[in-house]
Amino acid sequence: MLKRGSWRTRFGFYLLAVGSACGLGNLWRFPYVVGENGGGAFILLYVFLALAVGAPLLIAELMLGKNTRRSVIVATDVMGQKAKQPFRWVGRLAVLVTVVVFSYYAVISGWVLHFMTQFFISLFLDVEGAANKTNLAALMSNGWLQLMLASAHILITVVVVLKGVQEGLEKWISYMMPLFAALVAILLFKSFSLPSTPEVMRFLFYPDFSKLTLSSLGHALGHVFFTLSVGFGTMVTFGSYLREEDHVPTAGFRVALVDTLISLLAVVMIFPVAFQASNVPLTDPALMFEVLPRYLLGIPGGALFGLAFFVCLYLAALNASIGLLEVVVSNLVDRNKKMERQKATWLSGAAALSLAILPALSSSVLKSVRINGRSLIESLDSLLINWLLPLVALGILWAFYKGTSEKEKEISFIDREKFVSYSMYSHWIVILKWVAPAVILIGFLLQVVALFQNVY
Ligand code: PHE
(Lines give C-alpha, C1' and ligand atoms only; values in the text may rest on other atoms or scores of the structure.)
Protein backbone atom coordinates (compact mmCIF):
# COMPACT_ATOMS: atom_id res chain seq x y z
CA MET A 1 0.00 0.00 0.00
CA LEU A 2 1.03 3.58 -0.57
CA LYS A 3 2.24 5.45 2.47
CA ARG A 4 0.28 8.67 2.86
CA GLY A 5 1.65 11.53 0.85
CA SER A 6 3.94 9.37 -1.16
CA TRP A 7 3.24 9.87 -4.84
CA ARG A 8 6.74 9.58 -6.15
CA THR A 9 6.11 12.19 -8.80
CA ARG A 10 3.34 14.61 -9.67
CA PHE A 11 2.92 12.59 -12.86
CA GLY A 12 1.99 9.60 -10.69
CA PHE A 13 -1.01 11.49 -9.35
CA TYR A 14 -2.21 12.55 -12.80
CA LEU A 15 -1.81 9.06 -14.13
CA LEU A 16 -4.05 7.67 -11.43
CA ALA A 17 -6.58 10.50 -11.25
CA VAL A 18 -6.99 10.87 -15.02
CA GLY A 19 -6.88 7.09 -15.33
CA SER A 20 -9.70 6.75 -12.83
CA ALA A 21 -11.76 9.49 -14.44
CA CYS A 22 -11.36 8.35 -18.05
CA GLY A 23 -12.94 4.99 -18.53
CA LEU A 24 -16.10 3.37 -19.76
CA GLY A 25 -18.00 6.45 -18.62
CA ASN A 26 -16.49 8.45 -21.46
CA LEU A 27 -16.50 5.93 -24.26
CA TRP A 28 -19.43 3.70 -23.47
CA ARG A 29 -21.87 5.62 -21.25
CA PHE A 30 -21.61 9.19 -22.48
CA PRO A 31 -22.64 8.50 -26.12
CA TYR A 32 -25.89 6.73 -25.28
CA VAL A 33 -26.81 9.24 -22.57
CA VAL A 34 -26.35 11.97 -25.20
CA GLY A 35 -28.54 9.92 -27.58
CA GLU A 36 -31.18 9.52 -24.86
CA ASN A 37 -31.27 13.25 -24.20
CA GLY A 38 -31.43 14.48 -27.77
CA GLY A 39 -27.87 15.61 -28.67
CA GLY A 40 -26.51 19.18 -28.85
CA ALA A 41 -28.44 20.94 -26.10
CA PHE A 42 -27.59 18.15 -23.67
CA ILE A 43 -23.90 18.29 -24.59
CA LEU A 44 -23.84 22.01 -23.93
CA LEU A 45 -25.54 21.52 -20.57
CA TYR A 46 -23.14 18.70 -19.76
CA VAL A 47 -19.94 20.63 -20.58
CA PHE A 48 -21.17 23.62 -18.61
CA LEU A 49 -21.99 21.46 -15.55
CA ALA A 50 -18.72 19.50 -15.77
CA LEU A 51 -16.63 22.65 -15.59
CA ALA A 52 -18.85 24.82 -13.40
CA VAL A 53 -20.03 22.22 -10.86
CA GLY A 54 -18.06 18.99 -11.40
CA ALA A 55 -14.58 20.55 -11.31
CA PRO A 56 -15.19 22.61 -8.14
CA LEU A 57 -16.55 19.51 -6.37
CA LEU A 58 -13.63 17.43 -7.58
CA ILE A 59 -11.29 20.04 -6.10
CA ALA A 60 -13.22 19.92 -2.80
CA GLU A 61 -12.91 16.11 -2.61
CA LEU A 62 -9.18 16.15 -3.35
CA MET A 63 -8.73 18.84 -0.71
CA LEU A 64 -10.73 16.88 1.85
CA GLY A 65 -8.35 13.96 1.30
CA LYS A 66 -5.21 16.07 1.32
CA ASN A 67 -6.14 17.99 4.47
CA THR A 68 -7.21 14.97 6.51
CA ARG A 69 -4.84 12.40 4.97
CA ARG A 70 -7.68 9.93 5.29
CA SER A 71 -10.17 8.09 3.09
CA VAL A 72 -13.75 9.20 2.80
CA ILE A 73 -15.36 7.45 5.82
CA VAL A 74 -12.83 8.67 8.37
CA ALA A 75 -12.43 12.02 6.58
CA THR A 76 -16.17 12.78 6.76
CA ASP A 77 -16.23 11.59 10.40
CA VAL A 78 -13.46 14.08 11.16
CA MET A 79 -15.46 16.81 9.41
CA GLY A 80 -18.53 15.82 11.42
CA GLN A 81 -16.62 16.14 14.70
CA LYS A 82 -15.25 19.53 13.72
CA ALA A 83 -18.60 20.87 12.57
CA LYS A 84 -20.48 19.04 15.34
CA GLN A 85 -22.87 17.67 12.73
CA PRO A 86 -23.76 14.09 11.87
CA PHE A 87 -21.83 13.32 8.67
CA ARG A 88 -21.21 9.67 9.50
CA TRP A 89 -23.72 8.45 6.91
CA VAL A 90 -21.99 10.27 4.04
CA GLY A 91 -18.77 8.26 3.91
CA ARG A 92 -20.57 4.98 4.48
CA LEU A 93 -23.06 5.66 1.72
CA ALA A 94 -20.20 6.65 -0.61
CA VAL A 95 -18.46 3.33 -0.04
CA LEU A 96 -21.69 1.40 -0.48
CA VAL A 97 -22.38 3.17 -3.79
CA THR A 98 -18.81 2.44 -4.85
CA VAL A 99 -19.13 -1.32 -4.26
CA VAL A 100 -22.39 -1.48 -6.19
CA VAL A 101 -21.01 0.65 -9.05
CA PHE A 102 -17.93 -1.59 -9.16
CA SER A 103 -20.11 -4.68 -9.55
CA TYR A 104 -22.06 -3.08 -12.38
CA TYR A 105 -18.90 -1.66 -13.97
CA ALA A 106 -17.48 -5.19 -13.88
CA VAL A 107 -20.35 -6.45 -16.03
CA ILE A 108 -19.66 -3.83 -18.71
CA SER A 109 -15.91 -4.46 -18.44
CA GLY A 110 -16.82 -8.09 -19.05
CA TRP A 111 -18.46 -7.05 -22.33
CA VAL A 112 -15.18 -5.36 -23.29
CA LEU A 113 -13.28 -8.53 -22.38
CA HIS A 114 -15.66 -10.51 -24.58
CA PHE A 115 -15.06 -8.31 -27.64
CA MET A 116 -11.35 -8.34 -26.96
CA THR A 117 -11.20 -12.13 -27.11
CA GLN A 118 -13.62 -12.31 -30.03
CA PHE A 119 -11.52 -9.89 -32.07
CA PHE A 120 -8.50 -12.02 -31.25
CA ILE A 121 -10.26 -15.15 -32.53
CA SER A 122 -11.55 -13.33 -35.61
CA LEU A 123 -7.96 -12.63 -36.67
CA PHE A 124 -7.95 -16.25 -37.79
CA LEU A 125 -11.37 -16.31 -39.48
CA ASP A 126 -12.84 -15.08 -42.76
CA VAL A 127 -15.02 -11.96 -42.77
CA GLU A 128 -18.29 -13.78 -42.29
CA GLY A 129 -16.98 -15.91 -39.43
CA ALA A 130 -15.54 -12.81 -37.83
CA ALA A 131 -18.87 -10.98 -38.11
CA ASN A 132 -20.57 -13.85 -36.30
CA LYS A 133 -17.98 -13.74 -33.55
CA THR A 134 -18.43 -10.05 -32.84
CA ASN A 135 -22.19 -10.33 -32.66
CA LEU A 136 -23.59 -8.56 -29.61
CA ALA A 137 -26.89 -10.48 -29.51
CA ALA A 138 -25.10 -13.73 -28.65
CA LEU A 139 -23.49 -12.12 -25.60
CA MET A 140 -26.69 -10.40 -24.50
CA SER A 141 -28.69 -13.60 -24.48
CA ASN A 142 -26.07 -15.45 -22.45
CA GLY A 143 -26.27 -14.17 -18.88
CA TRP A 144 -23.99 -16.84 -17.45
CA LEU A 145 -21.25 -15.87 -19.89
CA GLN A 146 -21.66 -12.25 -18.78
CA LEU A 147 -21.39 -13.33 -15.15
CA MET A 148 -18.28 -15.36 -15.88
CA LEU A 149 -16.65 -12.45 -17.68
CA ALA A 150 -17.56 -10.07 -14.84
CA SER A 151 -16.03 -12.54 -12.34
CA ALA A 152 -12.85 -12.71 -14.41
CA HIS A 153 -12.67 -8.92 -14.40
CA ILE A 154 -13.23 -8.70 -10.64
CA LEU A 155 -10.54 -11.32 -10.06
CA ILE A 156 -8.04 -9.45 -12.24
CA THR A 157 -8.80 -6.19 -10.39
CA VAL A 158 -8.42 -7.87 -6.99
CA VAL A 159 -5.04 -9.31 -7.96
CA VAL A 160 -3.80 -5.93 -9.23
CA VAL A 161 -4.97 -4.10 -6.11
CA LEU A 162 -3.34 -6.72 -3.89
CA LYS A 163 -0.04 -5.88 -5.52
CA GLY A 164 -0.43 -2.22 -4.53
CA VAL A 165 -1.38 0.96 -6.35
CA GLN A 166 2.00 2.08 -7.54
CA GLU A 167 3.45 -1.20 -8.58
CA GLY A 168 0.26 -2.34 -10.28
CA LEU A 169 -0.58 -1.29 -13.75
CA GLU A 170 0.65 2.29 -13.54
CA LYS A 171 3.68 1.76 -15.73
CA TRP A 172 1.96 -0.48 -18.20
CA ILE A 173 -0.93 1.83 -18.75
CA SER A 174 1.34 4.81 -19.22
CA TYR A 175 2.88 2.94 -22.15
CA MET A 176 -0.45 1.88 -23.61
CA MET A 177 -2.41 5.13 -23.42
CA PRO A 178 -0.53 6.93 -26.22
CA LEU A 179 -1.36 3.94 -28.41
CA PHE A 180 -5.01 4.25 -27.41
CA ALA A 181 -4.94 7.96 -28.24
CA ALA A 182 -3.49 7.13 -31.68
CA LEU A 183 -6.19 4.49 -32.32
CA VAL A 184 -8.94 6.90 -31.31
CA ALA A 185 -7.44 9.56 -33.61
CA ILE A 186 -7.42 7.14 -36.56
CA LEU A 187 -10.98 6.07 -35.83
CA LEU A 188 -12.02 9.69 -35.51
CA PHE A 189 -10.50 10.45 -38.88
CA LYS A 190 -12.19 7.43 -40.46
CA SER A 191 -15.61 8.10 -39.00
CA PHE A 192 -15.32 11.76 -40.02
CA SER A 193 -15.08 10.68 -43.63
CA LEU A 194 -18.42 8.84 -43.45
CA PRO A 195 -21.29 10.46 -45.36
CA SER A 196 -23.34 10.79 -42.16
CA THR A 197 -20.91 13.29 -40.63
CA PRO A 198 -22.70 16.59 -41.47
CA GLU A 199 -25.95 15.24 -40.03
CA VAL A 200 -24.09 14.05 -36.94
CA MET A 201 -22.41 17.41 -36.41
CA ARG A 202 -25.80 19.09 -36.53
CA PHE A 203 -27.15 16.58 -34.02
CA LEU A 204 -24.19 16.98 -31.66
CA PHE A 205 -23.40 20.65 -31.85
CA TYR A 206 -26.56 22.44 -32.90
CA PRO A 207 -28.40 22.85 -29.62
CA ASP A 208 -32.10 22.22 -29.93
CA PHE A 209 -33.35 22.94 -26.43
CA SER A 210 -36.77 21.51 -27.13
CA LYS A 211 -35.14 18.06 -27.07
CA LEU A 212 -34.26 18.36 -23.37
CA THR A 213 -36.63 16.63 -20.99
CA LEU A 214 -37.40 17.16 -17.33
CA SER A 215 -34.84 14.48 -16.45
CA SER A 216 -32.02 15.90 -18.57
CA LEU A 217 -30.55 18.05 -15.80
CA GLY A 218 -30.42 15.06 -13.44
CA HIS A 219 -28.95 12.85 -16.17
CA ALA A 220 -26.26 15.42 -17.00
CA LEU A 221 -25.31 15.89 -13.35
CA GLY A 222 -25.26 12.18 -12.62
CA HIS A 223 -23.01 11.56 -15.57
CA VAL A 224 -20.70 14.45 -14.64
CA PHE A 225 -20.16 12.90 -11.21
CA PHE A 226 -19.80 9.38 -12.57
CA THR A 227 -17.26 10.30 -15.21
CA LEU A 228 -15.23 12.59 -12.95
CA SER A 229 -15.28 9.92 -10.20
CA VAL A 230 -16.87 12.45 -7.84
CA GLY A 231 -19.24 11.28 -5.09
CA PHE A 232 -17.51 7.94 -4.56
CA GLY A 233 -14.68 8.95 -2.30
CA THR A 234 -12.14 8.00 -4.98
CA MET A 235 -10.83 11.51 -5.24
CA VAL A 236 -10.69 11.80 -1.44
CA THR A 237 -8.41 8.75 -1.37
CA PHE A 238 -6.26 10.08 -4.21
CA GLY A 239 -6.10 13.49 -2.54
CA SER A 240 -4.88 11.85 0.66
CA TYR A 241 -1.80 10.66 -1.25
CA LEU A 242 -0.96 14.12 -2.65
CA ARG A 243 2.27 15.74 -1.57
CA GLU A 244 2.23 18.80 0.64
CA GLU A 245 3.46 21.07 -2.16
CA ASP A 246 0.90 19.93 -4.77
CA HIS A 247 -1.65 22.57 -5.68
CA VAL A 248 -5.09 20.98 -5.51
CA PRO A 249 -7.20 23.40 -7.64
CA THR A 250 -4.78 23.15 -10.59
CA ALA A 251 -4.71 19.36 -10.35
CA GLY A 252 -8.49 19.06 -10.02
CA PHE A 253 -9.27 21.41 -12.87
CA ARG A 254 -6.84 19.67 -15.23
CA VAL A 255 -8.35 16.27 -14.50
CA ALA A 256 -11.88 17.62 -15.18
CA LEU A 257 -10.79 19.31 -18.39
CA VAL A 258 -9.02 16.27 -19.84
CA ASP A 259 -11.94 14.02 -18.96
CA THR A 260 -14.47 16.35 -20.60
CA LEU A 261 -12.40 16.61 -23.79
CA ILE A 262 -12.16 12.83 -24.01
CA SER A 263 -15.94 12.48 -23.66
CA LEU A 264 -16.43 14.96 -26.50
CA LEU A 265 -13.98 13.04 -28.68
CA ALA A 266 -15.87 9.83 -27.91
CA VAL A 267 -19.20 11.13 -29.17
CA VAL A 268 -17.65 12.65 -32.29
CA MET A 269 -16.01 9.29 -32.97
CA ILE A 270 -18.99 7.03 -32.33
CA PHE A 271 -21.99 8.95 -33.68
CA PRO A 272 -21.05 9.00 -37.39
CA VAL A 273 -20.73 5.21 -37.21
CA ALA A 274 -24.00 4.93 -35.28
CA PHE A 275 -25.87 7.14 -37.76
CA GLN A 276 -24.50 5.06 -40.62
CA ALA A 277 -25.97 1.91 -39.09
CA SER A 278 -29.40 3.51 -39.19
CA ASN A 279 -31.34 0.77 -37.41
CA VAL A 280 -29.54 1.07 -34.07
CA PRO A 281 -31.33 2.95 -31.29
CA LEU A 282 -29.03 5.72 -30.07
CA THR A 283 -30.43 5.42 -26.56
CA ASP A 284 -29.41 1.84 -25.87
CA PRO A 285 -26.62 1.06 -23.34
CA ALA A 286 -25.26 -1.39 -25.90
CA LEU A 287 -24.78 1.40 -28.49
CA MET A 288 -20.99 1.38 -28.60
CA PHE A 289 -20.77 -2.41 -28.60
CA GLU A 290 -23.45 -2.62 -31.24
CA VAL A 291 -21.93 -0.29 -33.80
CA LEU A 292 -18.14 -0.25 -33.37
CA PRO A 293 -17.29 -3.94 -33.84
CA ARG A 294 -19.52 -4.20 -36.91
CA TYR A 295 -17.97 -1.12 -38.44
CA LEU A 296 -14.41 -2.17 -37.65
CA LEU A 297 -14.80 -5.51 -39.35
CA GLY A 298 -15.91 -3.76 -42.51
CA ILE A 299 -12.63 -1.88 -42.96
CA PRO A 300 -9.32 -3.36 -44.10
CA GLY A 301 -7.23 -4.56 -41.17
CA GLY A 302 -10.30 -4.07 -38.96
CA ALA A 303 -9.85 -7.22 -36.91
CA LEU A 304 -6.37 -6.23 -35.77
CA PHE A 305 -7.48 -2.66 -35.20
CA GLY A 306 -10.48 -3.88 -33.22
CA LEU A 307 -8.27 -6.10 -31.09
CA ALA A 308 -5.89 -3.23 -30.29
CA PHE A 309 -8.81 -0.89 -29.58
CA PHE A 310 -10.57 -3.29 -27.21
CA VAL A 311 -7.32 -4.17 -25.42
CA CYS A 312 -6.75 -0.47 -24.73
CA LEU A 313 -10.38 0.03 -23.73
CA TYR A 314 -10.07 -2.89 -21.36
CA LEU A 315 -6.95 -1.41 -19.77
CA ALA A 316 -8.79 1.88 -19.30
CA ALA A 317 -11.71 0.01 -17.70
CA LEU A 318 -9.30 -1.91 -15.49
CA ASN A 319 -7.58 1.28 -14.41
CA ALA A 320 -10.94 2.80 -13.44
CA SER A 321 -11.93 -0.40 -11.64
CA ILE A 322 -8.72 -0.31 -9.62
CA GLY A 323 -9.77 3.16 -8.45
CA LEU A 324 -13.19 1.84 -7.42
CA LEU A 325 -11.86 -1.17 -5.52
CA GLU A 326 -9.05 0.87 -3.97
CA VAL A 327 -11.61 3.20 -2.36
CA VAL A 328 -13.45 0.35 -0.73
CA VAL A 329 -10.28 -1.34 0.49
CA SER A 330 -8.58 1.80 1.80
CA ASN A 331 -11.77 2.70 3.69
CA LEU A 332 -12.07 -0.72 5.27
CA VAL A 333 -8.42 -0.64 6.33
CA ASP A 334 -8.56 2.98 7.52
CA ARG A 335 -11.59 2.38 9.67
CA ASN A 336 -10.70 -1.01 10.96
CA LYS A 337 -7.04 -1.07 11.84
CA LYS A 338 -7.16 -4.77 12.62
CA MET A 339 -8.32 -5.73 9.16
CA GLU A 340 -5.48 -6.76 6.89
CA ARG A 341 -5.35 -5.20 3.48
CA GLN A 342 -5.33 -8.58 1.83
CA LYS A 343 -8.48 -9.73 3.61
CA ALA A 344 -10.24 -6.42 2.89
CA THR A 345 -9.46 -6.76 -0.82
CA TRP A 346 -10.80 -10.31 -1.12
CA LEU A 347 -13.90 -9.40 0.92
CA SER A 348 -14.67 -6.39 -1.30
CA GLY A 349 -14.15 -8.49 -4.43
CA ALA A 350 -16.53 -11.16 -3.12
CA ALA A 351 -19.17 -8.54 -2.29
CA ALA A 352 -18.89 -7.05 -5.77
CA LEU A 353 -19.16 -10.48 -7.36
CA SER A 354 -22.38 -11.33 -5.55
CA LEU A 355 -23.83 -7.95 -6.48
CA ALA A 356 -22.88 -8.44 -10.14
CA ILE A 357 -25.32 -11.33 -10.51
CA LEU A 358 -28.38 -9.13 -11.10
CA PRO A 359 -26.97 -6.81 -13.79
CA ALA A 360 -25.20 -9.74 -15.48
CA LEU A 361 -28.42 -11.71 -15.88
CA SER A 362 -30.52 -8.67 -16.75
CA SER A 363 -30.62 -9.21 -20.51
CA SER A 364 -31.23 -12.97 -20.37
CA VAL A 365 -32.65 -14.90 -17.41
CA LEU A 366 -34.09 -11.74 -15.85
CA LYS A 367 -35.14 -10.17 -19.13
CA SER A 368 -38.79 -10.05 -18.18
CA VAL A 369 -38.09 -8.03 -15.02
CA ARG A 370 -38.83 -4.44 -16.01
CA ILE A 371 -39.17 -1.47 -13.70
CA ASN A 372 -41.10 1.46 -15.10
CA GLY A 373 -40.47 0.14 -18.62
CA ARG A 374 -36.70 -0.27 -18.12
CA SER A 375 -34.55 -3.36 -17.85
CA LEU A 376 -32.87 -4.25 -14.57
CA ILE A 377 -29.46 -2.98 -15.64
CA GLU A 378 -30.90 0.31 -16.88
CA SER A 379 -32.87 0.78 -13.65
CA LEU A 380 -29.79 0.03 -11.55
CA ASP A 381 -27.75 2.47 -13.62
CA SER A 382 -30.37 5.17 -13.18
CA LEU A 383 -30.81 4.59 -9.43
CA LEU A 384 -27.07 4.67 -8.80
CA ILE A 385 -25.95 7.40 -11.13
CA ASN A 386 -28.89 9.75 -11.53
CA TRP A 387 -30.14 9.58 -7.96
CA LEU A 388 -27.67 8.26 -5.39
CA LEU A 389 -24.46 9.70 -6.77
CA PRO A 390 -25.55 13.36 -6.74
CA LEU A 391 -26.87 12.81 -3.21
CA VAL A 392 -23.53 11.43 -1.99
CA ALA A 393 -21.58 14.11 -3.86
CA LEU A 394 -23.70 16.73 -2.10
CA GLY A 395 -23.12 15.03 1.26
CA ILE A 396 -19.32 14.96 0.83
CA LEU A 397 -19.37 18.57 -0.32
CA TRP A 398 -21.41 19.62 2.69
CA ALA A 399 -19.18 17.71 5.12
CA PHE A 400 -16.10 19.35 3.61
CA TYR A 401 -17.67 22.79 3.58
CA LYS A 402 -18.88 22.70 7.17
CA GLY A 403 -15.88 20.90 8.66
CA THR A 404 -13.17 23.07 7.08
CA SER A 405 -12.61 26.58 8.36
CA GLU A 406 -12.62 29.61 6.03
CA LYS A 407 -8.91 30.08 6.68
CA GLU A 408 -8.07 26.47 5.86
CA LYS A 409 -10.04 26.58 2.62
CA GLU A 410 -8.39 29.82 1.61
CA ILE A 411 -4.87 28.62 2.37
CA SER A 412 -5.41 25.38 0.46
CA PHE A 413 -6.87 27.16 -2.55
CA ILE A 414 -4.82 30.27 -3.09
CA ASP A 415 -1.31 29.91 -4.40
CA ARG A 416 0.33 33.17 -5.36
CA GLU A 417 2.94 31.43 -7.45
CA LYS A 418 0.22 29.84 -9.55
CA PHE A 419 -1.64 33.14 -9.90
CA VAL A 420 -4.75 31.82 -8.27
CA SER A 421 -6.41 35.00 -7.18
CA TYR A 422 -8.79 35.80 -4.38
CA SER A 423 -11.64 36.27 -6.84
CA MET A 424 -11.23 32.73 -8.16
CA TYR A 425 -11.35 31.50 -4.61
CA SER A 426 -14.52 33.43 -3.86
CA HIS A 427 -16.18 32.03 -7.01
CA TRP A 428 -15.30 28.54 -5.85
CA ILE A 429 -16.85 29.21 -2.46
CA VAL A 430 -20.05 30.56 -4.02
CA ILE A 431 -20.29 27.44 -6.18
CA LEU A 432 -19.76 25.11 -3.22
CA LYS A 433 -22.12 26.95 -0.96
CA TRP A 434 -24.97 27.93 -3.28
CA VAL A 435 -24.70 26.91 -6.93
CA ALA A 436 -23.86 23.20 -6.62
CA PRO A 437 -26.45 22.41 -3.91
CA ALA A 438 -29.13 24.40 -5.79
CA VAL A 439 -28.42 22.71 -9.13
CA ILE A 440 -28.39 19.25 -7.53
CA LEU A 441 -31.68 19.88 -5.72
CA ILE A 442 -33.37 21.27 -8.84
CA GLY A 443 -32.12 18.23 -10.79
CA PHE A 444 -33.73 15.99 -8.16
CA LEU A 445 -37.02 17.84 -8.15
CA LEU A 446 -37.34 17.76 -11.93
CA GLN A 447 -36.59 14.04 -11.95
CA VAL A 448 -39.28 13.44 -9.33
CA VAL A 449 -41.79 15.36 -11.47
CA ALA A 450 -40.77 13.32 -14.53
CA LEU A 451 -41.17 10.11 -12.56
CA PHE A 452 -44.70 11.03 -11.54
CA GLN A 453 -45.55 12.01 -15.11
CA ASN A 454 -44.34 8.62 -16.25
CA VAL A 455 -46.18 6.62 -13.67
CA TYR A 456 -49.50 8.47 -13.80
N1 PHE B 1 -14.95 7.75 -13.93
C2 PHE B 1 -14.96 6.40 -14.36
C3 PHE B 1 -15.46 6.32 -15.79
O4 PHE B 1 -15.86 7.29 -16.35
C5 PHE B 1 -15.78 5.54 -13.44
C6 PHE B 1 -15.24 5.55 -12.06
C7 PHE B 1 -15.94 6.12 -11.05
C8 PHE B 1 -14.00 5.03 -11.79
C9 PHE B 1 -15.42 6.18 -9.77
C10 PHE B 1 -13.47 5.09 -10.51
C11 PHE B 1 -14.18 5.66 -9.51
O12 PHE B 1 -15.48 5.28 -16.38
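Guide: First, a term. On a 1 Å grid over the protein atoms alone, a cavity is a set of points where a 1.4 Å probe fits but cannot get out. A molecule sits in one if more than half of its atoms lie within 2 Å of its grid points. Here, the space taken by the ligand is the largest cavity.

Helices are DSSP runs of H or I, at least four residues, numbered from the N terminus. H2 supplies the largest share of that shell, three residues.

A word on the basis. This is a predicted model, where local features need pLDDT of at least 70, side-chain atom pairs count only at pLDDT 80 or more, and totals for chains, interfaces and linings use all residues. Residues are numbered from 1 along each chain as its sequence is written, and side-chain values use heavy atoms, with hydrogens and water left out.

Now the residues. The ligand is surrounded by 14 of them, and the closest are Ala 21, Gly 25, Tyr 105, Phe 226 and Thr 227.

Next, the polar contacts, which are pairs of N or O atoms within 3.5 Å. A polar backbone atom of Gly 25 is 2.8 Å from an oxygen atom of the ligand. For Phe 226, a polar backbone atom lies 2.9 Å from a ligand nitrogen atom. Ser 229 uses its side chain: a polar atom there is 3.1 Å from a nitrogen atom of the ligand. On its own, the ligand has 320 Å² of accessible area, and the protein covers 100% of it. Such areas come from the Shrake-Rupley method with a 1.4 Å probe.

Back to H15. This helix spans residues 302–335 and includes Asn 319. Asn 319 has a relative accessible area of 12%, so this residue is buried, a term for values under 20% (1.4 Å probe, protein chains only). Which residues does Asn 319 touch, leaving aside its neighbours within four places in sequence? Asn 319 is in contact with Leu 15, Gly 19 and Ile 173. Contact means heavy atoms within 4.5 Å.

Technical notes. Helix = DSSP H or I, 4+ residues; strand = E, 2+ residues; numbered from the N terminus. Buried < 20%, exposed > 50% of the residue type's maximum accessible area, 1.4 Å probe, protein only. Near = heavy atom within 4 Å. Polar contact = N/O pair within 3.5 Å; in protein donor to acceptor, adjacent residues only side chain to side chain. 1 Å grid on protein atoms, 1.4 Å probe; cavity = no way out; pocket = protein on both sides within 12 Å on 5 of 7 lines; lining within 4 Å.
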